[in-house]
Amino acid sequence: MGQCKLETPQTIGFVAKISSRLKLRCCTIVKNGQDARSTKSEFSCGVGILPVKNGQDARSTKNEFSRFTGILPVPKQVIENGVRCELKPTAIVKQSDKGEFRGEWGIETAARGLDKSKVFWIRTIACGILTVGLFSCAATQGDRLSLEADAKPKVVATSTIIEDLTDRVAGGEIQLTGILQPGTDPHVYEPVPKDSQALEQANLILYNGYNLEPGLIRMMNAAGIKARKLAVGEVVKPLLLNKEGNTVPDPHVWGNVENVVQMVEAIRDALIELSPEDRDKFTQNAVKLTEELKRLDSWIEQEIKTIPENKRKLVTTHDAFQYYSRIYGLGIADSLIGISTEEQPSAQTVQKLVESVKAAGVPAIFAETTINPQLIKTVAEEAGVKLAAQQLYSDSIGAAGSEGDSYVKMMSANTRTIVEALGGKYTPFEVSK
């Protein structure tokens with residue numbers, strides 16, 4: 001048998017950017033035309049076999065494993081731990097009948113007839129290649145990731161709820177930009193120049209519709225915005241409410257979780273149209289989210305049933321909970337102001353709500369995270385009822401790290417607040433990991 005030797009650095013490409021070491025562990029065997037296996041996936045820049053997962057196969061697009069070429073991955077792209085890596089021609093071992101790799105590091109063979117004096121030089125060359133490779137990877141990783149991000153479709157979501165749902169369905173396959181920040185009131189939000197820039201650069205714009213975000217809708221309809229636009233909330237048949245003598249659609253469609261299932265389907269279809277090659281991932285993510293939403297819907301219904309019937313009445317700052325109240329058995333919600341927070345209640349409106357609260361006999365009323373609580377606090381004091389300790393998330397999810405920092409967690413947190421304040425028995429909802 002001829003001696004094994006390490007191929008010159010010129011023929012060795014950069015394989016992966018995952019580990020700082022090259023380890024060919026014990027009993028990594030390469031037989032003619034077969035797969036290269038490793039007990040660990042610790043292969044890095046410069047040389048080595050790239051198992052996609054621990055213990056699995058490192059494959060070439062041509063299966064070029066032989067006694068003469070050793071392991072030769074031809075140019076190909078794979079995904080390793082979320083990073084796109086290039087497999088370039090990498091000749092490692094020549095003139096070995098079995099290509100037996102053993103030992104704790106470097107590249108050496110245990111085949112009989114090996115000139116042990118060569119091991120030192122093999123190890124030295126391997127270390128040098130790794131050092132160069134690691135520096136090269138460190139220099140180029142940022143550039144490659146940046147180019148990959150730029151190549152992804154650009155999607156803009158106006159509201160935090162739409163952004164959260166889109167993120168769940170997309171699973172990282174798009175560049176997603178959210179305009180509204182957690183806690184921002186979409187009814188009164190005034191766009192800024194960076195919003196215009198994001199909209200102009202987008203391939204797809206997802207917004208709620210039914211005039212939830214009037215300032216942003218005006219900007220979207222302005223000249224220069226060429227992206228496809230989808231009013232996600234408008235796939236749902238709306239409730240019709242009275243506003244200043246006119247009948248208008250209620251934009252707070254997400255209050256009924258069944259509506260959100262329809263919204264997720266619309267988001268999925270729009271993303272598939274935008275990036276057909278990611279159809280399977282979008283579909284799988286949408287299925288997973290839909291399953292969680294159906295569990296959430298059933299859970300809310302059961303939680304509200306624990307509230308005594310004579311206390312099932314929801315009174316809030318603005319009219320954002322009609323869908324929630326009607327579908328889950330809280331009747332028609334009462335509020336200080338209408339469906340838009342632009343409205344300013346008169347003294348007469350405040351007094352009317354005070355009398356309504358007294359007549360209903362509810363134990364608590366509720367403030368909201370996006371609206372100053374002072375007026376609803378006044379109503380509570382004058383009606384002689386308590387203001388719930390926790391505010392309800394209405395037009396926005398909560399800030400990162402809060403108990404309502406996703407749509408599912410927002411609905412779960414709101415339900416807990418309502419059930420506990422109105423005298424029900426709360427059982428936690430298990431949010432999917």
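Q: What percentage of the 433 residues in the protein do buried residues make up?
A: Buried residues make up 48% of the 433 residues, where buried means under 20% relative accessible area, exposed over 50% and partly exposed in between, with a 1.4 Å probe and protein chains only. This is a predicted model, in which local features need pLDDT of at least 70 and side-chain atom pairs count only at pLDDT 80 or more, while totals for chains, interfaces and linings use all residues. Residues are numbered from 1 along each chain as its sequence is written, and side-chain values use heavy atoms, with hydrogens and water left out.

Q: What is the mean pLDDT of the protein?
A: The mean is 75, and 64% of the residues reach 70 or more; pLDDT is the predictor's confidence in each residue, from 0 to 100. Over residues 1-120 the pLDDT is below 50.

Q: How many helices and strands does the secondary structure comprise?
A: There are 10 helices and 18 strands. Both are DSSP runs numbered from the N terminus: helices are H or I with at least four residues, strands are E with at least two.

Q: Why is the pair of W299 and F429 called tilted?
A: Rings of Phe, Tyr and Trp (its six-membered ring) pair if their centres lie within 6.5 Å; planes under 30 degrees apart count as stacked, over 60 as edge-to-face and the rest as tilted. The centres of W299 and F429 are 5.4 Å apart and their planes stand at 50 degrees, so the pair is tilted. The pair links distant parts of the chain, with W299 in helix α6 (residues 279-305) and F429 in the segment after α10 (407-421), 130 residues apart. Together with Y426, W299 and F429 form one aromatic cluster.

Q: Why do W299 and F429 count as buried?
A: W299 has a relative accessible area of 11% and F429 one of 10%. Each is therefore buried.

Q: Is D297 buried or exposed?
A: D297, found in helix α6, has 13% relative accessibility and therefore counts as buried. Not counting residues up to four places away in sequence, D297 touches N256, V257, E258 and Y328, a contact being heavy atoms within 4.5 Å. The C-alpha atoms of D297 and S412 are separated by 9.8 Å, although these residues lie 115 apart along the chain.

Q: What makes α10 largely enclosed by the rest of the structure?
A: Of its 15 residues, 12 are buried, so α10 is largely enclosed. Among them are Y407, M411, S412 and I418. The cover over the buried residues of α10 includes α2, α5, α6, α7, β17 (364-365) and β18 (386-387).

Q: How do you know that the span of α10 agrees with its 15 residues?
A: The expected span is 1.5 Å times one less than the number of residues. For α10 this gives 21 Å, and its end C-alpha atoms are 21 Å apart, which agrees.

Q: Which residues have the most contacts inside the largest nonpolar core?
A: They are Y324, Y407 and I418, in a core of 60 residues. A nonpolar core is a set of buried Ala, Val, Leu, Ile, Met, Phe, Trp, Tyr and Cys residues joined through side-chain atoms within 4.5 Å. Helix α5 gives the most to this core, with 10 residues. Leaving aside neighbours within four places in sequence, the contacts of Y324 include I300, I304, M411 and I418.
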